[in-house]
Amino acid sequence: MNDLAIVNGKIFDGFNSYKANIYVKDGKISAVSSRVLDAAEIYDADGFYIFPGLIDPHVHFALNLGKYRSADDFESGSRGAAFGGVTTFVDFLDPITEDSEIDENFSRRSELASSSHVDYSFHMTIAHPNIAPEKLIRRTLALGLNSIKCFTTYSLSDRMTGDGYIFELLKSSKDLGVVITFHAENDPIVIHRNSVIEKHLPKDLPFLHPYESEAEAVSRIGTFARLTNGQAYIVHNSSGRSIQLLKEYGIPPNLRLETCPQYMTLDDSKYEGNSDEVAIHTLVPPLRSEFDLQLMRKYFTDGIFSTVGTDHCPFTKKEKIENMNDYDSMPNGIGGIETSFSILYTFFVNKGLIPLNSLVRMQSVNVANIFGLTHKGRVVPGADADIAIFDPTKEWEVSIDSLHTNSDYTPYEGMKLKGKFVSTVVRGDFVVKNGKFIDKSKGKFIERKPVFWNDIKKYNDYGGE
Ligand SMILES: [Zn+2]
């Protein structure tokens with residue numbers, strides 16, 4: 001006898017779409033079949049679309065910035081995630097320099113994450129480690145993590161990893177089975193721009209972090225990836241012109257690109273004037289020009305991006321606005337995990353620009369493949385029963401009152417969307433059921449084994465990305 005049957009829905013698995021019933025037993029998918037089988041609970045998904053649970057590769061819950069902490073902790077963040085169809089997310093450890101910091105850092109973040117309602121993992125994060133690159137990779141893998149995040153900038157706050165270290169990491173990455181992920185900006189450009197204006201205001205953000213800085217670093221990482229054959233991944237690509245440059249040089253197949261919904265929908269007109277509106281849209285990389293935005297949309301439509309992350313990192317309006325006259329103390333970041341899929345569905349799928357299965361790949365299947373979440377992102381027997389159930393006809397308007405974040409605003413306030421998640425299942429248990437949150441739901445840490453992108457075809461039943 002199965003525990004759960006989700007019947008009459010239309011499945012979009014990232015490649016194909018078909019009507020079938022999904023059966024769940026002991027947290028795993030036991031069958032996907034048009035037959036009617038026994039189950040203790042039957043959920044009628046007639047009229048709904050069914051996706052493998054979404055996976056957000058880029059969130060910052062309970063991010064501690066000293067004076068400020070991001071508004072969503074793992075409890076509220078994962079609640080919002082579930083309402084947005086997300087069944088797994090990957091957060092970050094705090095940046096480390098010494099080997100001795102690693103274990104304590106991992107325990108601290110694990111303890112915080114234990115309140116999550118959906119499944120999770122972490123990216124190892126480094127500053128400028130005093131650890132041999134290979135040893136760092138082995139230490140990372142031993143924790144059940146297979147990705148390492150570096151910053152190519154932020155030397156001013158002591159978080160930058162040098163090119164030499166990055167090159168060595170990339171060289172070892174494909175043999176040892178890790179992914180090296182990058183916040184890509186050119187450090188001297190950022191330092192220079194910071195020194196040019198004496199007093200930094202929120203409206204200066206596009207000047208302080210210009211697209212050229214991203215373009216230079218993204219193409220440098222592209223070059224390193226090509227020359228090392230390493231497994232390279234660039235987070236939060238924001239600028240169409242930086243992708244244009246990368247494309248002209250050729251994007252190597254071992255370089256994967258992530259973007260975020262904010263870089264597909266909002267532009268730098270939010271930074272005009274010096275109003276509260278400017279303060280609440282501070283994030284790095286900043287929103288780009290209308291020209292960049294249009295290019296980003298074109299590249300998104302063309303399939304240049306492998307994944308969508310949200311970089312979910314909201315603060316409250318008050319925390320933003322009290323730094324109106326002092327950008328250097330501004331907590332950067334905005335929220336977006338709950339609205340990501342519906343926004344991109346409305347802007348791209350509903351307009352006929354991309355097939356729905358492409359969005360499912362970017363928000364689930366590809367993330368699972370790239371980050372070695374081998375039991376996630378699949379609607380096949382044996383996979384974890386992580387299911388997102390979506391009503392494609394539901395029309396709604398984003399308002400902060402309709403969301404589940406602890407923040408008190410959303411940059412998407414008033415945006416009219418079509419398509420909304422109604423229910424979300426994590427390993428067979430409902431976290432959201434017909435729009436109601438199931439409080440007792442519990443996520444768990446998902447161990448990630450070494451991942452080898454060349455082998456993706458071997459473990460993906462559908463033959464790779
Ligand atoms: Zn981030």
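**Overall size.** I began with the radius of gyration of this predicted model. A compact globule of 465 residues would come out near 23 Å, and the chain has 21 Å, so the two agree. I then took the box along the principal axes, which the C-alpha atoms fill at roughly 70 × 50 × 45 Å.

**Make-up.** I looked up the secondary structure and found 15 helices and 19 strands in the chain. I checked burial next: 53% of the 465 residues count as buried. For contacts between residues at least 6 apart in sequence, I noted that 77% join residues at least 24 apart.

**Confidence.** I read an average pLDDT of 96 for the chain, with 98% of the residues scoring at least 70. Where does pLDDT stay under 50? I found this over residues 458-465, for which the model has 12 contacts beyond four places in sequence. Where pLDDT is low, the predicted coordinates should not be read in detail, so I left that stretch alone.

In soluble globular proteins, nonpolar side chains tend to be buried together. I looked for such groups here. The largest nonpolar core has 112 residues, and Ile50, Ile180, Ile221 and Ala232 touch the most other members. Helix α14, residues 356-370, gives the most to this core, with eight residues.

Leaving out residues up to four places away in sequence, Ala232 touches Leu170, Ile180, Phe182, Ile221, Phe224, Ala225, Asn254 and Leu255. I then found a second, separate core of 11 residues, with Leu201, Leu205, Leu208 and Val278 among them.

**Helix α4.** Which residues of α4 are buried? I listed Ile166, Leu169, Leu170, Ser173 and Lys174. An α-helix has 3.6 residues a turn, so residues three or four places apart point the same way. I kept that in mind when reading the list.

What covers the buried residues of α4? I found that the cover includes the helices α3 (133-142) and α7 (211-228), along with the strands β11 (147-151), β12 (179-183) and β13 (232-237). Last, I looked at what comes after the helix: α4 is followed by Gly177, whose phi is positive, near 90°.

How values were computed:
Residues are numbered from 1 along each chain as its sequence is written. This is a predicted model: local features need pLDDT of at least 70, side-chain atom pairs count only at pLDDT 80 or more; totals for chains, interfaces and linings use all residues. Helices (H or I, at least four residues) and strands (E, at least two) are DSSP runs, numbered from the N terminus. The radius of gyration is taken over C-alpha atoms; the globule rule is 2.2 Å times the number of residues to the power 0.38. A residue is buried if 20 or more other C-beta atoms lie within 10 Å of its own, exposed if 12 or fewer, and partly exposed in between; C-beta atoms are placed from the backbone. Two residues are in contact if their C-beta atoms, placed from the backbone, lie within 7 Å. A nonpolar core is a set of buried Ala, Val, Leu, Ile, Met, Phe, Trp, Tyr and Cys residues joined through C-beta atoms within 7 Å. pLDDT is the predictor's confidence in each residue, from 0 to 100.
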